[in-house]
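Reader: I would like to learn to read salt bridges and backbone angles in a model. Please take me through them.

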Amino acid sequence: MKKLIISLIIIFIIIGLGVGGAYWYRSNKKNTNPVNVYSVANWVGNYYENEQSMSGNVVVSDEQNIYIDTERQVKEIYASPGDSVSVGDVILEYDNTQDVLRLNTMKANLEVANTNLRLANNQLAKLNNTTPIGDDEEIPKTEAEIKLEEAEKALDEANENLIAPSVELQESNEAVQEAEEVKENKQKLLDEAAKVKAEAEKDLDDFYKKYSIATMTDAPDAKPRSEEDIKNDIHGLDKEANIEYGDVHGRYSSAIEAYNSKQDEYNKANDDYNNAVKNHTVKEAAFNEAQKKVDEAQKVVDEATEAVSKEYEEQMENPTIVYTKSELERAIRNKNEEIRDLKLSIENQKLAIKKQERAVEKSKVLSEYDGVIRFMEVNDETMSGVSPAIIVSASGTYSAVVNVDEFSLSEMQIGEEVSVLSYDTGNTYYGKVSKLSENPQDSGSYETISSVYPVTVVIEDSDDLSEGNWVEVTTLGHTSTDELQNQIVIPLSLCKKENNSYYVMKSVDGRLKKQYISTGKIYFGQMIVVKSGITAADSIAFPYDKEAVEGKICKDADLSDLYDYY
């Protein structure tokens, strides 16, 4: 067992040395043999070619066969047999409702992306103007936060001051309830004593009536009878009547005494109840005053909270966050990366919108030639796409088929006028773009960099041309002179394509870093326009150098050193 443990320890040491050695090797390799980088300024404003030239061959244009797209609904057919048509004339139109809706959604998303980019640029500008604090410094509170803190403290004090009045109010309320219960009980006892008293009074009255003894209330108003007169009348009765009187009068006297006693007890209970109610009213007023202060303090807290919330929303729109130096550097770096990604996304969205616009345009089938509608038949066979529904005759017409890169393709329009130079006849002809292919084809040595698409150009007055002639087609420029003077146009060999996006290897603080760029048209399959991602102040490396990896140390080099690479 001991030998096994020793063997395992030795194995772990060997593995650790191997991993550490590999890490040391990679780290050391990144710090040796610097990779050359070249200033982007070398490629700014040097490429003034504002025209696009493409080479291709002449083909014979006999006819255009138009098949019905079975996956789309025909909206209208605009031509009839025998009609003359020109390049770009609308012959047939499909319903494009869904394509238009999709295009509108894409444009709305682009507006959102542009808004996000604008906000990100504002946030970056603010970050660049932010002064960081020390790592051990406390982050200062804003005025709104200070007011909220004071308001919350005042609310806590008001709530504490409410505790005693709340307890006293509860106690006084309980005292009122207790006094009320005592009062109600005394009232019941008093009512019972009053009942006994009433019965005794009735028995006494009955006795007087029985023996015809007039009471004081029965006497004439002029001369009321005295109590002594009543007693004399009673003494004049026989013994049995006197005994009966003693019993009735005794019960009456006891009832009177009991009633008076209960009346005193009730009066005391009523006084206690009134005092309890009075005390409760005082305690309730004190509680209400304390509660009022709590409500006022809560209102101040709510207003301060709303101010802090509003301040937070404003900071979300235009942040004023406090950073330490390292946090600020990280925030600026992250914001730059966010802006880069947003710009790349916007460029991709613009390209997608252009493609979608072409999809909307494809709802209209255009004439590819100057010719005549020779055939038109709308029946089950043609509507199923088995045979052409419309045929445009273009006998004796020549066309040129040339390859155009994906960026230049987006700038070309059906019907656009171009010039055509034939190397066989030496003559220059005029033509019109008649067809933009939807499917790319092999672009040769740069197929990994850019896709190319066949474009058909109908040539006018081309009687002296022959099928197979080699021609050069030139379009008019779409870029202003000012834009050309500031345009960055780098060799295609200085960028790579990854997941439909282009990137270069840029020097950042003396180390190579992958930097995605947004691009424009490609000139003659050799030079590509860079719209964003790098500036004239940056330096880039030849990305196909096996040493050109992220993190590799780099050095500035003269442009002449690059010629060995391409």
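Author: Start with the rule: a salt bridge is a side-chain nitrogen of Lys or Arg within 4 Å of a carboxyl oxygen of Asp or Glu. This is a predicted model: local features need pLDDT of at least 70, side-chain atom pairs count only at pLDDT 80 or more, and totals for chains, interfaces and linings use all residues. Residues are numbered from 1 along each chain as its sequence is written, and side-chain values use heavy atoms, without hydrogens and water.

Reader: How many salt bridges does the rule give?

Author: The count is 19. Side chains of opposite charge can pair when their charged atoms come close. Take Arg102 and Asp99, joined at 3.0 Å, N to O. Both sit in helix 2 (residues 97–128), three residues apart, about one turn of the helix. Helices here are DSSP runs (H or I, at least four residues), and strands too (E, at least two), numbered from the N terminus.

Reader: Is Asp99 buried or exposed?

Author: Buried means under 20% relative accessible area, exposed over 50%, partly exposed in between (1.4 Å probe, protein chains only). Asp99 has 15%, so Asp99 is buried. Arg102, at 43%, is partly exposed.

Reader: Which parts of the chain does the pair Glu357 and Lys107 link?

Author: Their salt bridge spans 3.9 Å, N to O. Glu357 is in helix 6 (residues 325–361) and Lys107 in helix 2, 250 residues apart.

Reader: What about phi at Ser212?

Author: Most residues other than glycine have a negative phi. Ser212 has a positive phi, near 55°. Ser212 lies in the loop between helix 3 (143–210) and helix 4 (227–235). Its relative accessibility is 69%, so Ser212 counts as exposed.
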